[in-house]
Amino acid sequence: MDTSRLLRTTGTVIAAAGLLLSGCTSGGSGEPGAAAASLPSAPPSPDAAALRPYYAQKLTWRDCGVPGFQCSTMKAPLDYANPGSGQDVEIAVSRRTATGPGKRLGSLVVNPGGPGGSGIGYLQAYAGIGYPAAVRAQYDMVSFDPRGVERSSPVECLSGPAMDKYTQVDQTPDDAAERAELVAAFKEFAKACEAKSGRVLPHVSTVDAARDMDLLRGVLGDQKLHYVGASYGTLLGATYADLFPDRVGRLVLDGAMDPARPALELNRDQTEGFETAFTSFAKDCAKQPDCPLGKGDPDAVAARLKEFFRKLDAQPVASGDPDRPLGEALATTGVIAALYDESAWPQLREALSSAMNGDGSGLLSLADSYYEREADGKYANLMFANAAVNCLDQPAAFTGPEAVDTALPSFEKASPVFGAGLAWAALNCTYWPVKATGQARELTAKGAAPIVVVGTTRDPATPYKWAQALAGQLASGTLLTYDGDGHTAYGRGSECIDTAINRYLLEGKAPQGGKKC
């Protein structure tokens, strides 16, 4: 199986602000989980008169070089609190016009998650060609790279070789020297981001992106925003709805986040989610003749994986890249990446089996796709944008290494295999150069049209209880449940889920609250 295809066809990810990120994608991007994003409080209302020129701009569409798609660039104020300053950011936009037949319903904006996932990449590789034909027939399929992401005034931080080193830093420090090395890595990362991207770092919050999305709605000529967001994209969509409830059209929030939970709780919840996903994998693996972790109950399988990680911590194995042997950090990332989609389980078994026999190339390939590292050693800016948005959206989960020590028992209880690594990964925002502008809070979007919130019962990155919480917070939220494995639900094989969402998008009829598939 092609690894890049695997990680680009499952629905994207959520945000984590550490060495390990969290998420996976349907053509966007993803990362394994640490400090998950949460919602910033709204900044002061921007001056309406100063914004008029932005809403009045006309998009000039051009060929993208991808058959069937057009691209354009939209200007947005760098600082919505001071839109008349003359400082702008450029927002890259792409669309595929409605194919017909049938009545055109307007634009359907899609977002794959992250934060840091490229909406344009997601649109052109998946949503614009892979969404149901009936949806593509009646909607112009549209997406954008949020500010700070890839084509839209991107956040830049470490070079490729520096990122290679960063992704190999030990995330489960055993002594003072390893703790110091991890802290130094986080500080170096933050310092590089400030040096290369200091202008945009204070202005890449989820609220900023939501305001950009309303600007996009306006320049597209739509009275209402129709939107499908996956993973972190649910936070972006819910933020939009809370800011502009009267402009909400048909919103689908798939693989939902809970904006009311502070960073520490989100990280711990996510750790539990990966444990749930691994338990499902372990049960299946024990039934397969090629399971490299042996037979027995999930606890026994987990103990063998943890022991393998311990051995890699002490002695990495060859990976085919002499500068990047497979150690515990990269192996953990590779395993977590494959837990986003149950169709990847056979690939994970094969990669683990090879690694246990001295060939770490399979797990390294999974980790590389997760981090969006190309064969030439260059990285997309996914990791950089992810940290920039997360660290701005909510105060850091921890004040320092001592706070991690205090929380470690609860993380290791949540996941004996992944708990320690995910706890330490959440230390990243502690050293961020820009103070957080947001905080955890409930989103109600009072007055909005019905909003469909989708939750998967064994989702590794966005635990089901988050979807329950968001649906309960939104005044017009209705919960659609998929009883299954993997991250997100729409377009992943459930006819029941797809039928309910398609009917909502095409006819405006939301599924009855509490519907389960």
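This is a predicted model: local features need pLDDT of at least 70, side-chain atom pairs count only at pLDDT 80 or more; totals for chains, interfaces and linings use all residues.
Local features need pLDDT of at least 70, and side-chain atom pairs count only at pLDDT 80 or more, while totals for chains, interfaces and linings use all residues. Numbering starts from 1 along each chain as its sequence is written, and side-chain values use heavy atoms, without hydrogens and water.

A pocket is an open set of points on a 1 Å grid over the protein atoms alone, where a 1.4 Å probe fits, with protein on both sides within 12 Å along at least five of seven lines; lining residues have an atom within 4 Å of a point. Volume is the space filled by probe spheres set on the points, which are joined across faces, edges and corners.

| Pocket | Volume | Lining |
|---|---|---|
| Largest | about 300 Å³ | 19 residues |

**Largest pocket.** Thr 172, Lys 306, Glu 328, Val 417 and Ala 420 lie nearest its centre. Helices H10 (298–314), H11 (328–338) and H16 (419–425) each give two or more residues to this lining. Helices here are DSSP runs of H or I, at least four residues, numbered from the N terminus. H10 gives the most, with 5 residues. The lining holds 8 nonpolar, 4 polar and 7 charged residues. Ala, Val, Leu, Ile, Met, Phe, Trp, Tyr, Cys and Pro count as nonpolar, Asp, Glu, Lys and Arg as charged, and the others, Gly among them, as polar.

**Second largest pocket.** Helices H2 (48–56) and H7 (206–220) each supply two or more lining residues. H2 gives the most, with 4 residues. This lining has 6 nonpolar and 4 charged residues, and no polar ones.
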